[in-house]
Amino acid sequence: MKIDRLKMGSVGVIAPHGAITQAESDELAAAIETSRQPAAGRVVLDMSDVPFADSRGLETLLDFADRQRSAGQTAKLAGLSETCREIMDLTELLGDFEVFDSVDSAVRSFL
Amino acid sequence: MKPFRTDSNDRTDVSPEAGGNRLPRHPRRADDSGTERRFDVNRLSTSFLQWWNRRGGDGSPWPAFDQFLRELLLDVLGAKRARLFHVVEGGQALRLLADEAGTPNTLLAPTSLMNHVMSVGRRYIRGDTSHGPLVDELATESEKGPNPGGQAAPAALADRHTLAQAEGPAVWMFPIRDHEAGGLKNIEGPSHRSIGLVVVGDLDEAMLADHAKLEGFADVITEFWLHVRDYECLQIVRRTDRGSGVLNRLDFIRMAEITVADARREGEPVALLAVTLEGLRRFDDDGWWLLRDRVIEQTGRVLRRKLRTNDLVGRFSDDRFVILMRWLDLSLGKLIAARIVTWVTEGIAEAVRIAGQENRSNPNTENAAPLSKAAGNLKVRCGLACDYRIDTAQVDEYLSPNGPLTDKQKPLLSLRELLRGALSASAEARRKGLDLCLADMRIACGAGISDAVEAMS
């Protein structure tokens with residue numbers, strides 16, 4: 001799985017490309033953790049190129065939300081596809097995240 | 001005998017003896033826009049009928065209709081840069097006719113010209129002095145567009161955004177109003193609503209000045225639009241089970257075949273859930289037909305409302321529904337199935353409440369006590385089968401676009417196998433008195449598949 005890591009000011013942006021499934025979950029979790037630490041939890045997950053996430057993928061996202069909560073931050077997702085949004089809605093996980101239309105607006109929310 | 005001619009109309013008015021029309025003809029006047037308009041209607045109707053007869057397939061008629069209308073606008077009026085929209089989200093947004101599924105809806109700004117035309121229902125023609133100051137102001141803002149700094153009034157930005165920057169401002173715009181063209185204008189009154197919007201960006205000045213012709217053309221387009229809309233409604237009714245509002249078995253299978261094939265091509269997981277309402281058949285024997293109908297109706301309603309846009313829901317038999325869900329592995333499938341059991345159970349409780357009220361209001365029927373007893377015997381049983389065998393090592397190989405799939409690459413489950421697995425699992429759930437059973441994937445998948453192992457455990 002290709003995962004881009006960007007820095008927008010003091011905010012880290014992680015952009016996975018492709019579905020988040022069992023095979024990719026560990027890699028994504030590691031990328032999130034790597035970006036979280038230097039940015040002091042100021043991290044945005046850019047989901048605009050994620051077509052879907054399976055159960056393991058959703059667990060990874062939930063784990064991200066838990067870690068952010070522990071650090072006094074909220075987990076921010078940007079550019080959720082309709083498929084991802086619907087499954088997160090169906091499984092009642094959307095409430096654990098702040099969801100933004102674009103990375104820019106998610107990054108601006110830290111200001 | 002020589003043909004009889006009127007003073008000015010020389011084309012069709014011949015005497016009856018010559019085989020002509022007996023009806024008296026009105027002489028055509030140069031300024032008779034009505035005559036011109038009727039001529040256009042005939043021509044346009046013929047074009048529409050020819051297109052309609054050529055049109056093939058059971059898919060959505062809208063993209064083809066979009067193409068047809070834009071060609072018609074160009075041929076008849078010389079209108080260019082036409083955009084046709086469906087009004088969606090309760091009038092809050094627009095979606096291009098040409099792209100039913102792909103393009104995201106565009107939200108309408110409340111102060112935009114497009115929104116004004118759509119909500120008021122009045123047609124806009126650039127240069128028409130009768131619009132009034134509000135429309136003139138909105139149109140002026142829209143025509144200005146954003147300045148080089150990117151600043152502009154919200155209305156201008158909204159209209160330009162909707163039409164795309166390169167399209168320029170609209171010169172002619174009219175809404176498609178429900179019922180208006182069907183002769184119900186005077187009956188329906190203010191309850192009309194806009195279901196579509198036609199926006200033209202380029203039209204000859206002479207044509208823009210011919211308001212009667214544009215009005216006539218808009219009327220005809222509205223007729224065509226409503227015809228296509230009614231046809232689409234009939235298509236939906238034909239595909240739909242009357243009792244529950246979900247797909248009937250034949251169309252569920254037809255659409256599920258396509259969905260499963262798509263999922264395989266993309267290497268994506270797909271899950272099939274069979275929901276059985278155990279005890280429903282006894283309602284017939286006991287004479288609880290009303291309750292039975294309400295339970296079916298509520299179950300269909302709950303499934304349609306709660307599930308995702310892309311999930312396929314069908315009624316497979318009297319007491320059995322099937323749901324095909326993409327992008328769900330077994331674990332996620334189990335979670336969703338558990339929720340569906342809860343939702344359907346709540347739906348049944350609601351059905352019992354409604355049937356109880358109807359029952360009480362009818363003095364000729366029995367009292368409500370046995371009704372709740374009958375409903376108490378109704379159980380929701382689910383069977384789940386998943387096609388999720390593509391593991392990490394196979395993904396790249398499987399997704400390779402070159403050449404046919406090898407046996408190793410082919411997934412083993414077909415829709416038929418998924419159905420068989422889910423239905424037999426729901427039967428097993430009934431036998432064991434469980435809410436949910438998983439299909440024994442060993443039969444379909446073979447050994448070594450992690451999900452199959454999980455299913456067996």
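## Helix packing in chain A

In this predicted model, helices α1(A) and α2(A) lie roughly parallel to each other, because angles under 35 degrees are counted in that way and the two helices pack at about 20 degrees. Helix α1 of chain A covers residues 22-36 and helix α2 of chain A covers residues 55-70, and their axes are 8 Å apart. The crossing that α1(A) and α2(A) form is right-handed.

On the α1(A) side, the contact is made by A:Gln22, A:Ser25, A:Asp26, A:Leu28, A:Ala29, A:Ile32, A:Glu33 and A:Arg36, while α2(A) contributes A:Arg56, A:Gly57, A:Thr60, A:Phe64, A:Arg67 and A:Gln68.

## Chain B as a whole

Chain B contains 17 helices and eleven strands, and 46% of its 457 residues count as buried. Among the contacts in chain B with a separation of 6 or more, 67% are accounted for by residues 24 or more positions apart. The accessible surface of chain B comes to about 24000 Å², and carbon and sulfur atoms hold 51% of that surface.

## The surroundings of B:Glu278

B:Glu278 belongs to strand β7 of chain B, which covers residues 270-278, and B:Glu278 counts as partly exposed because its relative accessibility is 23%. Leaving aside residues up to four places away in sequence, B:Glu278 touches B:Asn377, B:Leu378, B:Lys379, B:Arg381 and B:Arg430. The C-alpha atom of B:Glu278 is separated by 9.6 Å from that of B:Ala427, although these residues stand 149 residues apart along the chain.

How values were computed. Residues numbered from 1 in each chain as written. Chains lettered and ligands numbered in written order. Predicted model: local features only at pLDDT ≥ 70, side-chain atom pairs only at ≥ 80, totals over all residues. Heavy atoms only, no water. Helix = DSSP H or I, 4+ residues; strand = E, 2+ residues; numbered from the N terminus. Buried < 20%, exposed > 50% of the residue type's maximum accessible area, 1.4 Å probe, protein only. Contact = heavy atoms within 4.5 Å. Areas by Shrake-Rupley, 256 points an atom, 1.4 Å probe, with all protein chains shown as cover. Axes fitted to C-alpha atoms, helices over the stretch in contact; angles between N-to-C directions. Parallel < 35°, antiparallel > 145°, perpendicular 65-115°, else oblique. Left-handed = near helix turned anticlockwise from the far one by under 90°.
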